[in-house]
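Please describe how this protein chain is built, from its overall make-up down to a few individual side chains.

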Amino acid sequence: MISADNKNSLWSVLQYGTAMIISFITLKLNLLTFGTELFGIWILLFSIWGFGSILDFGLSTSLVKFLAEDYHKTNKVNNYLINTSLLFLGLLGLIIVIAALVFGYIIYVSNTALVPAHLHTDALAVLFLLGAGFYFKYISIAFQATFEGMNNFVTTSKVTIVYHFLMLVSSVIVYILHLSLPLLALMYAVSGILFLIVYLVTMYVSFREFALSTQFIKKDLIRSIFSYSLSVQLTTVIGAMFDPAIKFVIGMHQGAGVVSLYEIARRFATAASQLFYFAFRILLPK
């Protein structure tokens, strides 16, 4: 019989392996559909939300720690931690979305050196739609941390794999039907909504005691979680800032088409680094 730790490891390898393969397939399909310059613009806009996902202020890592400690004592999910974190993530997510929309418009969309004037409307639509998808995925951090805190990486891996397949299906449909970039962004936004719904349904199915209610919200919990999370978050944010900055510099000096080539190399590096990141996350609940 395979132990729980071995199952977690096997599914994590499958998750990141699937993500890497699908990532390169979608990259190829999108390049064939839109060309290097238009897809480079997509990558520039997409990188804004990639950086935004890092800005959970270490809350996901802290939730894994606190939920793991609580579950070890009670063998039940802590509705106070989950509901309080959902409220915080919802409010923080809104702030990040608004700030990213303003930043994206000023730095990218309105910059004719990166986005030609005739693509302004499409780029703005893509920015908003990717923001919507980001927001729903951002809220899902609370549910993902719940399963990881209980050393159940199998469930989070399965949900993540489903999400990556939705992204692959989106790229395939756009490629076959020769659809526009905003429609691809719309499909990504729908994928983000489905990602949250799948997690929510899984929570109700897996834990009978789980409930969503304002009575479980305790603002004092945020302070205790933050005391642990900020130290974790600082190094993550600093590291994550380099990627959007490099893409911006490349795009400004060499054109958006070169950004696509940089993205190919970045995905190779990301696939390798994710394995080390997971090693930390899977050991944390212990």
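**Overall make-up**

The model described here is predicted. The protein chain holds 9 helices and 0 strands, so that from the N terminus on its elements run α-α-α-α-α-α-α-α-α. Of the 286 residues in the protein chain, 47% are buried. Among contacts between residues at least 6 apart in sequence, 84% join residues at least 24 apart. The chain exposes about 14,100 Å², and carbon and sulfur atoms supply 71% of that area.

**The nonpolar core**

The largest nonpolar core has 60 residues, and those with the most contacts inside it are Trp42, Leu45, Trp49, Ile82 and Phe143. Two or more residues are given to this core by each of α1 (4–52), α2 (59–74), α3 (79–109), α4 (120–139), α5 (141–149), α6 (153–177) and α7 (181–206). The element that gives the most is α3, with 12 residues. For Trp49, if residues up to four places away in sequence are not counted, the residues touched are Val97, Ala100, Leu101, Leu127, Leu130, Gly131 and Phe134.

Ala145 has its place in helix α5, while Leu63 lies in helix α2. Ala145 has a relative accessible area of 1% and therefore counts as buried, the limit being under 20%. Leu63 is likewise buried, with a relative accessible area of 1%. Leaving aside residues up to four places away in sequence, Ala145 touches Ser60, Leu63, Val64 and Leu67.

| Residue pair | Apart along the chain | C-alpha separation |
|---|---|---|
| Ala145 and Lys65 | 80 residues | 8.8 Å |
| Leu63 and Glu148 | 85 residues | 9.0 Å |

**A nonpolar patch on the surface**

On the surface, Leu183, Leu186, Val190, Ile193, Leu194, Ile197, Val201 and Val205 form a nonpolar patch, and together these residues have about 640 Å² of accessible area. One of them, Leu186, has its place in helix α7. Is Leu186 buried or partly exposed? Leu186 counts as partly exposed because its relative accessibility is 40%, which falls in the range between under 20% for buried and over 50% for exposed.

**Aromatic pairs**

The count of aromatic pairs comes to 14. One of these pairs is formed by Phe147 and Phe207, whose rings lie 5.4 Å centre to centre with 35 degrees between the planes, and this pair is tilted. The pair is classed in this way because planes under 30 degrees apart count as stacked and those over 60 as edge-to-face, with the rest tilted. Phe147 is in helix α5 and Phe207 is in the loop between α7 and α8 (219–254), so the pair links distant parts of the chain, 60 residues apart. How accessible are the two partners? Phe147 counts as buried at 0% relative accessibility, and Phe207 is also buried, with a relative accessible area of 10%. Both residues belong to one aromatic cluster, which Phe147, Tyr163, Phe195, Tyr199 and Phe207 form together.

Conventions:
Residues are numbered from 1 along each chain as its sequence is written. This is a predicted model: local features need pLDDT of at least 70, side-chain atom pairs count only at pLDDT 80 or more; totals for chains, interfaces and linings use all residues. Side-chain values use heavy atoms; hydrogens and water are left out. Helices (H or I, at least four residues) and strands (E, at least two) are DSSP runs, numbered from the N terminus. Buried means under 20% relative accessible area, exposed over 50%, partly exposed in between (1.4 Å probe, protein chains only). Contact means heavy atoms within 4.5 Å. Accessible areas come from the Shrake-Rupley method with a 1.4 Å probe; for residues, only the protein chains shown count as cover. A nonpolar core is a set of buried Ala, Val, Leu, Ile, Met, Phe, Trp, Tyr and Cys residues joined through side-chain atoms within 4.5 Å. Patches are made of residues with over 30% relative accessible area and no salt bridge: like charges are joined within 9 Å, nonpolar side chains (Val, Leu, Ile, Met, Phe, Trp, Tyr) within 5 Å. A salt bridge is a side-chain nitrogen of Lys or Arg within 4 Å of a carboxyl oxygen of Asp or Glu. Rings of Phe, Tyr and Trp (its six-membered ring) pair if their centres lie within 6.5 Å; planes under 30 degrees apart count as stacked, over 60 as edge-to-face and the rest as tilted.
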